[in-house]
Amino acid sequence: MGDHIQLSVRALVEYAYRSGDIESGFHVMSSMTEGTKAHQRIQKQYGEQDQKEVYVSAEIVMDDLLFVIDGRCDGLLVDGEGGSLIVDEIKSTAGRLPEEIDHTYPVHWAQAKCYAYSIAKDRGLQELTVQLTYVQVESEEERRFRQRVTYDELTQFVHEMVRSYYPCAAQQLRHKELRNRSIHGLAFPFAAYREGQRKLAGAVYQTISEGHKLFAKAPTGIGKTISTIFPSVKAIGAGLLQRFVYLTAKTITRTAAEEAFALLQTNGLHMQVVTMTAKEKICFQEEVRCSKEHCPYADGYYDRINEALLDLRSNETLITREVVEEYARKHTVCPFEFALDAAYGADAMICDYNYVFDPRVSLKRMFEEQKRQTALLIDEAHNLVDRAREMYSSDLNKADFLEMQRAFKGVNSEVHGAAKAVNQYYIAQRKALGEQRQEVTESLPEPLVSLVEQFAAAAEKELLAPAGGSANPELLDLYFRSQSFVRIAELFDERFVTYTESLRGDMRTKLFCLDPSHLLGVMSKGYHAMVFFSATLTPLNYFMDMLGAGESEGSYSIVIPSPFSADQLEVTIAPLSTRYQDRERTKFPIAALIAKVTQEKRGNYLVFFPSYAYMNDAYEQYQLLAGSSSSSVRTMVQGPGMTEEEREGFLAAFQGGSGDTLVGFAVMGGIFSEGIDLVGDRLTGVIVVGVGLPQVGLERDIMKAYFDRTDRNGFDYAFLYPGMNKVLQAGGRLIRSEHDRGSLLLIDDRYLQPHYNRLLPPEWLNYRVLRANEDQMDPNTFVPRG
């Protein structure tokens with residue numbers, strides 16, 4: 001016998017029926033929590049002889065391949081009358097139940113018949129009954145449908161599905177053989193490891209080998225991307241992993257991962273890597289409307305997808321956005337869904353954090369057995385704290401429901417009434433608030449959640465009706481936001497608060513996640529290993545706390561020292577106040593200092609500010625000073641919401657060897673303050689104005705109070721650590737290789753205070769202090785540290 005293919009029942013049925021998801025026979029399925037509760041409620045009704053969650057497995061030989069198909073059926077029941085067996089498959093929905101057997105879904109019968117085949121084959125049965133149990137999660141209504149099937153019928157049915165899967169399986173085996181052979185002969189793609197690189201790579205490999213979590217703080221420029229990807233590739237070759245997912249926060253770091261894989265490919269690696277691009281960016285249509293009526297790439301998608309995937313996998317390894325688009329056009333399939341389907345079968349996937357950690361977006365089709373053989377590499381992991389807060393928070397506005405109330409008056413009484421009920425709730429809330437503009441509570445607003453849930457149900461019916469609300473994009477948007485609100489409400493616990501604001505005639509309610517660590521642990525549960533890495537996991541204990549180190553056993557950390565020499569970086573601190581109340585007084589000396597530094601030595605400079613407003617004000621002052629100077633200095637300014645082309649143009653302007661001076665004004669925490677490589681003389685100096693503290697406001701005040709209440713320093717957790725992390729990222733743009741040289745100027749008197757100074761990296765501590773009077777600054781006056 002030749003090679004064998006391990007295949008779950010779910011994966012086989014999804015491939016054969018190509019419904020995208022075995023649960024998608026229903027238009028809108030219940031949430032995972034609701035579905036689990038519905039299953040458990042049905043299983044509690046089983047008799048003493050009945051079994052639940054029964055593991056089944058069967059072997060099928062086809063040509064030169066052995067297929068091992070397994071899974072768990074929801075119930076194996078004993079018919080009280082004749083003692084025959086019934087295979088029960090439970091499906092839950094938030095929508096309507098099928099009225100009769102002709103309205104049920106073939107994909108659901110297929111799943112049940114696969115379980116029945118395994119049981120019949122194992123027990124030598126010639127006949128048995130297959131049952132579908134449908135449950136409506138809100139009303140708890142149940143409906144059952146049965147078919148009596150013979151073993152011969154089941155055998156023919158399952159073998160036909162396996163036969164359809166055979167070309168895919170043969171291609172997978174050919175690829176696996178080429179992949180493993182290439183990995184075994186793969187060497188590190190550089191002549192030598194940089195100092196610290198081998199240590200990081202070794203720690204990553206060991207973490208995967210042992211199935212643990214690793215928190216790695218490694219300096220900027222060490223080559224973290226290749227140092228995490230290379231050992232992960234080697235782990236696949238050693239059989240420790242089936243795949244890994246490389247998670248990033250920004251497009252620019254995704255590009256770095258693609259380049260690392262391309263480098264390994266030029267050294268002989270044969271691996272399939274898929275890069276995911278957001279649906280809004282990759283959609284071929286002018287408007288994202290994912291229905292067959294509005295999109296030719298959605299119409300008939302499942303009729304063409306298997307052939308498209310086989311074509312792609314047989315001819316490509318590095319499946320970037322451009323490759324996805326090429327094959328999607330060739331086969332007329334949706335590029336986003338195509339990439340997602342390709343990613344589930346790939347060796348590696350490059351994507352945004354939300355594909356794993358966001359409950360609204362996550363990789364729902366990745367089964368538990370796949371997760372157990374998958375590692376997560378989380379790049380620039382410091383970004384995940386605030387991103388996770390966004391993922392696990394949700395808000396709604398009164399005005400949107402008032403708009404729906406008006407739009408559906410006389411059109412749909414159910415939608416109108418449900419929207420009106422939410423609007424009335426907010427009117428009552430406004431009266432209850434009185435003169436207060438804000439209210440913060442530690443409890444879930446259950447009456448509002450219930451009303452929003454009712455609105456979502458009414459909106460769903462309208463959206464699914466022929467020529468119904470699907471033509472109303474505002475209704476569709478509010479429906480999804482309402483679903484999100486209800487879903488986040490299910491996660492609400494002591495780590496959340498609810499706050500309500502009265503805003504210029506509108507009202508807003510937000511379920512605000514303060515500490516995302518628990519939910520990050522829940523969403524990543526089941527994965528084989530996790531590696532969180534960044535240059536700025538400072539302080540490490542804060543990030544380990546916020547990223548869920550305490551949510552599981554086996555969390556380890558490693559700190560890699562900088563491999564670069566001290567004489568590569570010249571650090572200066574100018575102790576001028578950048579506090580909000582002092583900015584008007586210090587804006588001239590700060591602008592004068594920036595002008596002097598950037599005119600003193602020709603080259604390219606990046607100047608970072610804590611906000612757009614502060615940056616624009618300083619830029620105006622700088623322009624006045626530069627305009628009176630005889631030297632020619634070009635300037636560029638980061639704008640909010642820059643397109644990809646504008647971002648690329650901004651970075652492309654930073655070229656070395658021109659002999660001119662270019663000064664780029666940007667914001668800390670923005671697209672140019674991390675993940676970019678301007679090596680050599682493409683960047684001469686970096687100036688950081690301020691200590692990056694988030695702006696004082698309601699949410700930061702709530703966070704501060706929460707962390708104080710839970711015996712953690714509220715100011716540090718809500719302000720200091722997030723702020724200084726932005727400073728470290730901005731300053732880290734400067735030294736990216738052993739050949740780089742540059743100067744770093746930190747402008748703020750707080751850098752000399754112990755509480756802030758202790759967060760500076762060791763390589764920055766050999767600084768000089770610029771002592772100067774704020775009103776009559778002499779930037780030539782430097783004194784050594786201390």
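A residue counts as buried when its relative accessible area is under 20%. By that cut-off, 55% of the 786 residues of the protein chain are buried. The model is a predicted one.

**Overall fold**

The chain carries 26 helices and 26 strands. Its C-alpha trace spans about 100 × 70 × 50 Å along the principal axes. The radius of gyration is 30 Å, and this agrees with the value near 28 Å that a compact globule of 786 residues would have. The accessible surface comes to about 34200 Å². Carbon and sulfur atoms account for 48% of that surface.

**Confidence**

Mean pLDDT for the chain is 89. A value of 70 or more is reached by 93% of the residues.

**Aromatic pairs**

The chain holds 31 aromatic pairs. Two of them are set out here.

| Pair | Geometry | Centre to centre | Angle between planes |
|---|---|---|---|
| Tyr 15 and Tyr 165 | edge-to-face | 4.9 Å | 85° |
| Tyr 499 and Phe 512 | edge-to-face | 6.1 Å | 85° |

Tyr 15 belongs to helix 1 (residues 9-17) and Tyr 165 to helix 4 (residues 151-184). The pair therefore links distant parts of the chain, 150 residues apart. Both tyrosines are buried.

The other pair joins two strands. Tyr 499 sits in strand 15 (residues 496-503), and Phe 512 sits in strand 16 (residues 506-513), 13 residues apart.

Tyr 542, Phe 543, Tyr 706, Phe 707, Tyr 717 and Tyr 721 form one aromatic cluster.

**Charges over rings**

Lys 113 lies over the face of Phe 157, 5.0 Å from the ring centre. Arg 163 places its charged end over the ring of Tyr 166, at 5.6 Å from the centre.

**A covered helix**

Helix 14 covers residues 384-391. How many of its 8 residues are buried? The count is 6, so the helix is mostly covered. The buried residues are Leu 384, Val 385, Arg 387, Ala 388, Arg 389 and Met 391. Two arginines, Arg 387 and Arg 389, are among them.

**Thr 332**

Where does Thr 332 lie? Its place is the loop between helix 10 (321-331) and helix 11 (335-344). Relative accessibility is 31%, so Thr 332 counts as partly exposed. Leaving aside residues up to four places away in sequence, Thr 332 touches Pro 296, Tyr 297 and Arg 304. Glu 646 is 314 residues away along the chain from Thr 332, and their C-alpha atoms are separated by 30 Å.

Methods:
Residues are numbered from 1 along each chain as its sequence is written. This is a predicted model: local features need pLDDT of at least 70, side-chain atom pairs count only at pLDDT 80 or more; totals for chains, interfaces and linings use all residues. Side-chain values use heavy atoms; hydrogens and water are left out. Helices (H or I, at least four residues) and strands (E, at least two) are DSSP runs, numbered from the N terminus. Buried means under 20% relative accessible area, exposed over 50%, partly exposed in between (1.4 Å probe, protein chains only). Contact means heavy atoms within 4.5 Å. pLDDT is the predictor's confidence in each residue, from 0 to 100. Rings of Phe, Tyr and Trp (its six-membered ring) pair if their centres lie within 6.5 Å; planes under 30 degrees apart count as stacked, over 60 as edge-to-face and the rest as tilted. A charge sits over a ring if NZ of Lys or CZ of Arg is within 6 Å of the ring centre and within 35 degrees of the ring normal. The radius of gyration is taken over C-alpha atoms; the globule rule is 2.2 Å times the number of residues to the power 0.38. Accessible areas come from the Shrake-Rupley method with a 1.4 Å probe; for residues, only the protein chains shown count as cover.
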